Amino acid sequence: MLMSPLSPERTTTMNRFSSAVPDNEYLADSNVLFYLSDAVSQLLEHKEEYTHVGVIRYFAEYFSSVKNSNHVLFREYSYVTATPHNRASFIRVFWRCYRQIGKSGELLSMLEYRSLLQLLCPDFPLKPVQSAARIVLMDDATDYLMSFSDFLFAFQLQFYYKEFLDSVLEIYQDLLAGKNPNTVIVPTSTEQLPLVAAEESDREQQQDGVEPSTLAQCVDAFCDRFKHSHPPRSCMRGVLEQTNRISYHSFLLSLAKHEAINQAIGALPNKSEFLIDSEMDQELDKLIAQISVSPGSNSSGSAVGGLKEMLQRKASPRRNIHHRRRIEGESDGSTEETDSSEN
């Protein structure tokens, strides 16, 4: 089930028909004004393309694409990450477009996954992909190959909860250094360990991790004042209660594999149905049937053209019309690294 544009932490309490919720609070939490502003901006920027469509129909198609999670396709990174709904929608689009990689069992590198992401979002940066790869492979092994499912579940966690996880990392590092993240530390001594001894001590601490109960208390207190989406507290507590010591990496790895996280975000099916997408399979079957009844045609060219047409039908009716033409032209020669994953 797809999530709504509302933050998952507020969905159960925010309702536009409830008199207990002020109008301005509902509008802020639902991001309605953000989407309305973007719709108007896209209409003004590309008004010549939409003149024949009509304004009413344009807005209807715009918000229909937002509801159906197709609105992020070929959009810029700042837009893709602007709201929780956009992030979940992008995760789902990525899964639907490249699910066949998982079905084939193909293993890809971090840079190959980034190339696939850039086909959907041209300015997608490297750092989020590196962060996801580190969850799967640990810090210094990001040049190894990863399965599609391992990468996607790690990417989902890192991409959707980025701001929260960055803050948790700061809390974790404070605990490693012997600080209390909830208090102000005033230095009382200028004595320092020799550099080599300090580095060895830091390495040992990184390997051993921190007390899970202490981290749980700090994270729980941080959730009280954090204004954006974060993983369910019960899920984080459950992970932290399973071990005597925990590192930041093992904490993220456990969260990435946790089905409760997947359900909270609402972008992907459960793991037992991860490789199943009936609607997309029907589209592919139609495409294969079209190719098979045209023995004299160029099968490869027909397949590529058909897939592009299928994606365009599912894309946003806004800026994407113009943007897709440019991206398709640029991407023709940019997928050599990952062409093998389509075989």
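Figure 1. Helices (H or I, at least four residues) and strands (E, at least two) are DSSP runs, numbered from the N terminus. The structure is a predicted model, in which local features need pLDDT of at least 70 and side-chain atom pairs count only at pLDDT 80 or more, whereas totals for chains, interfaces and linings use all residues. Residues are numbered from 1 along each chain as its sequence is written, and side-chain values use heavy atoms, with hydrogens and water left out. The secondary structure of the chain comes to 18 helices and two strands. Of its 343 residues, 41% count as buried (under 20% relative accessible area with a 1.4 Å probe and protein chains only, exposed being over 50% and partly exposed in between). Among contacts (heavy atoms within 4.5 Å) between residues at least 6 apart in sequence, 69% join residues at least 24 apart. Just after α1, Asn-31 takes a positive phi of about 60°.

Figure 2. In helix α1, which spans residues 23-30, the buried residues are Tyr-26, Asp-29 and Ser-30. These residues cover an arc of only 90° around the axis, which puts them on the same side of α1; the arc is that of the directions from the helix axis to the C-beta atoms. Asn-24 and Ala-28, by contrast, are exposed on the other side of α1. The buried residues of α1 pack against α2, residues 32-45.

**Figure 3. Helix α13 and what covers it.** Cys-235, Met-236, Val-239 and Leu-240 are buried in helix α13, which runs over residues 233-240. Seen down the axis of α13, its buried residues fall within an arc of 130°, so they line one face of the helix. The cover over the buried residues of α13 includes α10, α12, α14 (248-257) and α15 (259-265).

**Figure 4. Ring pairs of aromatic side chains.** The structure holds 22 aromatic pairs (rings of Phe, Tyr and Trp, the last by its six-membered ring, with centres within 6.5 Å; planes under 30 degrees apart count as stacked, over 60 as edge-to-face and the rest as tilted). The rings of Tyr-58 and Phe-59 have their centres 5.3 Å apart and their planes at 70°, so this pair is edge-to-face, and Tyr-58 is buried with a relative accessible area of 1%. Phe-164 and Phe-222 form a tilted pair, with 5.8 Å from centre to centre and 35° between the planes. This pair links distant parts of the chain, since Phe-164 lies in helix α10 (residues 162-176) and Phe-222 in helix α12 (residues 212-225), 58 residues apart. Both Phe-164 and Phe-222 are buried. Ring pairs also link Tyr-77, Phe-90, Phe-94, Tyr-98, Tyr-113, Phe-124, Phe-148, Phe-151, Phe-155 and Phe-159 into a cluster.

**Figure 5. The crossing of helices α9 and α10.** Helix α9, residues 148-160, packs with α10 at an angle of about 85°, and the two axes are 5 Å apart. That angle makes α9 roughly perpendicular to α10 (65 to 115 degrees, where under 35 is roughly parallel, over 145 roughly antiparallel and the rest oblique). Axes are lines fitted to C-alpha atoms, for helices over the stretch in contact, and angles run from 0 to 180 degrees between N-to-C directions. On the α9 side the contact is made by Leu-157, Gln-158, Phe-159 and Tyr-160, and on the α10 side by Lys-162, Leu-165 and Asp-166.

Figure 6. Although Tyr-172 and Tyr-248 are 76 residues apart along the chain, their C-alpha atoms are separated by 6.8 Å.

**Figure 7. Buried loop residues.** Ser-109 lies in the loop between β1 (107-108) and α7 (110-120) and, at 15% relative accessibility, counts as buried. Leaving aside residues up to four places away in sequence, Ser-109 touches Tyr-144, Leu-145 and Met-146. Another loop, between α4 (55-67) and α5 (77-80), holds Ser-69, a residue other than glycine whose phi is positive, near 70°. Ser-69 is buried, with a relative accessible area of 4%. Phe-74 is also found in the loop between α4 and α5; its phi is near 70°, again a positive value in a residue other than glycine, and Phe-74 is buried with a relative accessible area of 6%.
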